[in-house]
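Here is a short walk through one model, written for someone meeting it for the first time. Have the structure open beside you as you read.

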Amino acid sequence: MRTKKTTPYLYMLPGCAMVLVFVYIPVIANCVYSFFRLSSYSAGMKFVGLDNYIRFFHNESLGIMLRNNLLYCVISLIVQVGFGTVIALLLESKLASSRFRNAFRNIYYVPALISLTAVGLMFTFIYEPNLGLLNSAFKALGLTSMTQSWLGDSKIAIYCIIAMSQWQYTGYITLLMVVAFQNVSADYIEAASIDGAGPVRRAISVVLPLAKEQLLVCSIITVIGAFKLFTEVYSTTAGGPGNSTQVLGLFLYQNAFLHDDLGMAAVTGVFIFVITMVLSIIQLKVTRSGEV
């Protein structure tokens with residue numbers, strides 16, 4: 001009897017150990033390091049208390065970084081989660097021919113399979129002001145006045161990077177929502193049809209509420225991804241022009257590997273962790289996830 005009681009915990013032990021070693025211990029260690037001044041070239045650590053936090057919150061780039069990350073977050077929720085959900089509903093509706101559904105799913109999902117660095121380099125060529133595809137297309141259409149130095153203009157560079165990410169990740173969210181909609185029982189949809197509900201009413205009143213948990217997961221994934229934003233910016237503008245596209249993830253990298261200020265990098269990591277955790281908790285509370 002005693003063996004039977006402990007067997008489930010033995011199966012859980014490897015997974016718990018991996019989560020502890022690769023998630024919780026690094027998070028705790030990062031919080032501890034945020035109170036020290038340390039360098040990768042020195043084994044010594046100097047306790048500085050809240051000095052790193054004071055420097056972080058007085059940094060002139062903090063406002064720009066928060067604005068860019070929040071802008072990316074809001075637009076991603078609207079486009080990736082909102083538009084991706086609409087596409088998923090269309091793919092699972094009778095409007096889409098069953099013969100082409102799989103083809104459309106693959107087409108939408110392919111961008112998510114491409115490396116972030118490769119996507120960044122590809123869009124750098126697309127946005128290139130002289131020979132880039134976007135400006136060349138405008139010139140071919142006689143819209144020369146619309147040509148821009150897309151990544152060289154501090155006012156629009158961040159929007160160009162955000163547009164690139166929406167192209168890559170909307171299909172991923174679409175596929176997740178397609179799976180959720182496929183798990184909705186056909187009995188509920190049939191009952192709504194008998195009661196006279198049209199396609200839009202069935203989607204709003206039946207399908208979406210029953211896929212609420214998956215919609216929440218997609219929203220949390222999108223919010224966390226918005227504040228972890230790094231590769232897209234690094235591979236295109238590296239934070240420029242000026243600091244107009246600077247984000248928290250890139251700031252963390254620059255302090256850790258370029259400026260050798262590991263204490264400031266640790267503070268940035270703590271800040272990203274806290275803000276994503278708070279936003280995730282707010283989403284859980286607002287949607288009342290898990291409640292019957």
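## A loop and its surroundings

Ala238 has its place in the loop between α11 and α12. Keep in mind that this is a predicted model. Phi of Ala238 is near 55°, which is a positive value in a residue other than glycine. Is Ala238 buried, partly exposed or exposed? With a relative accessibility of 42%, Ala238 counts as partly exposed.

A cis peptide bond joins Gly240 and Pro241, and its omega is about -5°.

Now step into helix α12, which covers residues 248–258 and holds Gln254. Leaving aside residues up to four places away in sequence, Gln254 touches Ala238, Gln246 and His259. Gln254 itself is buried, since its relative accessible area is 15% and the cut-off for buried is under 20%.

Past this helix, Asp260 lies in the loop between α12 and α13. Phi of Asp260 is near 55°, again a positive value in a residue other than glycine.

## Two pairs of packed helices

Two packed helices can be described by the angle between their axes and the distance between the axes. Here are two pairs to look at.

| Helix pair | Axis angle | Axis distance |
|---|---|---|
| α10 (residues 212–227) and α13 (residues 262–287) | roughly 160° | within 10 Å |
| α5 (residues 116–127) and α7 (residues 157–182) | about 130° | 11 Å |

Take α10 and α13 to begin with. Their axes cross at roughly 160°, so α10 is roughly antiparallel to α13, as an angle over 145 degrees counts that way. The crossing in which α10 passes α13 is right-handed. On the α10 side, the contact is made by Lys212, Leu216, Ser219, Ile220, Val223, Ile224 and Phe227. From α13 come Ile272, Ile275, Thr276, Leu279, Ser280, Gln283, Leu284 and Thr287. What kinds of residues make up the contact of α10 with α13? They divide into nine nonpolar, five polar and one charged.

Next up are α5 and α7, which pack at an angle of about 130°. That makes α5 oblique to α7. Here, too, the crossing is right-handed as α5 passes α7. In this contact, α5 brings Leu116, Val119, Gly120, Met122, Phe123 and Tyr127. Its partner α7 brings Cys160, Ala163, Met164, Trp167, Gln168 and Tyr169. Sorted by kind, the residues of the contact of α5 with α7 are 10 nonpolar, two polar and no charged.

## What about the cysteines?

How many disulfides are there? The count comes to zero, where a disulfide would be a pair of cysteine sulfur atoms within 2.5 Å.

Cys16 is another cysteine to find in your view. At 45% relative accessibility, Cys16 counts as partly exposed.

Methods. Residues numbered from 1 in each chain as written. Predicted model: local features only at pLDDT ≥ 70, side-chain atom pairs only at ≥ 80, totals over all residues. Heavy atoms only, no water. Axes fitted to C-alpha atoms, helices over the stretch in contact; angles between N-to-C directions. Helix = DSSP H or I, 4+ residues; strand = E, 2+ residues; numbered from the N terminus. Parallel < 35°, antiparallel > 145°, perpendicular 65-115°, else oblique. Left-handed = near helix turned anticlockwise from the far one by under 90°. Contact = heavy atoms within 4.5 Å. Nonpolar A, V, L, I, M, F, W, Y, C, P; charged D, E, K, R; others polar. Buried < 20%, exposed > 50% of the residue type's maximum accessible area, 1.4 Å probe, protein only.
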